[in-house]
Amino acid sequence: MLGLDHVLDEALRNAVRDALTLLANRYAIPAPVGLAYPSAAADFHISQVVDTVKGVHGRIPKTDLMC
């Protein structure tokens with residue numbers, strides 16, 4: 001999951017939105033569950049802050065998504 005924006009907070013929001021899209025489209029996880037999951041188990045890191053565009057990337061363990 002990746003989020004980019006000129007404001008770091010918005011970049012994080014974009015990364016979370018990307019996570020929700022992934023969880024809903026690929027794994028058919030309902031939106032309320034998908035929204036709770038990244039806050040509990042996803043791992044978000046700041047990718048870039050030196051340029052005008054800030055970046056945040058997130059990781060979800062594949063083992064959490066295995067059925």
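A: A helix axis is a line fitted to C-alpha atoms over the stretch in contact, and angles run from 0 to 180 degrees between N-to-C directions. Keep that in mind as we look around this structure, which is a predicted model.

Q: Happy to start! Which helices and strands does the chain have, and in what pattern along the sequence?
A: The secondary structure comes to three helices and three strands. As for dimensions, the C-alpha atoms fill a box of roughly 40 × 20 × 20 Å along the principal axes.

Q: Let me use that axis idea. At what angle do H1 and H2 cross?
A: The axes of H1 and helix H2 (residues 31-40) cross at roughly 130° and come within 9 Å. Angles over 145 degrees would count as roughly antiparallel and those from 65 to 115 as roughly perpendicular, so H1 is oblique to H2. The contact involves Ala19, Leu20 and Leu23 on the H1 side, with Gly34, Leu35, Tyr37 and Pro38 on the H2 side. As for handedness, H1 passes H2 in a right-handed crossing.

Q: Now the strands. In what order do they sit in the sheet?
A: The order is S1-S3-S2, in an open sheet of three strands with antiparallel pairing. Strands S1 (2-5) and S2 (43-48) stand at the edges; each has a single partner strand, so one side of each has no neighbour in the sheet. On average, neighbouring strands are turned by 20° against each other, ignoring direction.

Q: How many bridges join S1 to S3, and how many join S2 to S3?
A: Four bridges join S1 to strand S3 (residues 54-59), and these two run antiparallel. One example to find is Asp5, whose bridge partner in S3 is Lys54. Between S2 and S3 there are five bridges, again with antiparallel strands. There you can look for His45, which has His57 as its bridge partner in S3. S2 and S3 also form a hairpin, with five residues between them.

Q: Which strands does H1 lie across?
A: H1 lies across S1, S2 and S3, and runs at about 150° to S1.

Q: Let's zoom in on one residue of that helix. Is Ala15 buried or exposed?
A: A residue is buried when its relative accessible area is under 20%. Ala15 has 0% relative accessibility, so it counts as buried. You will find Ala15 in helix H1 (residues 8-27). Leaving out residues up to four places away in sequence, Ala15 touches Met1, Leu2, Gly3, Phe44 and Val56.

Q: What share of the chain is buried, and which residues make up the largest nonpolar core?
A: Buried residues account for 24% of the 67 residues in the chain. The largest nonpolar core has seven residues: Met1, Ala19, Leu23, Tyr37, Ala42, Ile60 and Leu65. Take Ala42 as one of them: beyond its neighbours within four places in sequence, Ala42 is in contact with Tyr37, Arg59 and Ile60.

Q: How much of the contact total comes from residues 24 or more positions apart?
A: Among contacts with a separation of 6 or more, 47% are between residues 24 or more positions apart.

Notes. Residues are numbered from 1 along each chain as its sequence is written. This is a predicted model: local features need pLDDT of at least 70, side-chain atom pairs count only at pLDDT 80 or more; totals for chains, interfaces and linings use all residues. Side-chain values use heavy atoms; hydrogens and water are left out. Buried means under 20% relative accessible area, exposed over 50%, partly exposed in between (1.4 Å probe, protein chains only). Contact means heavy atoms within 4.5 Å. A nonpolar core is a set of buried Ala, Val, Leu, Ile, Met, Phe, Trp, Tyr and Cys residues joined through side-chain atoms within 4.5 Å. Two strands pair if DSSP finds at least two bridges between them. Angles under 35 degrees count as roughly parallel, over 145 as roughly antiparallel, 65 to 115 as roughly perpendicular and the rest as oblique. A crossing is left-handed if the near helix is turned anticlockwise from the far one by less than a right angle, and right-handed if clockwise.
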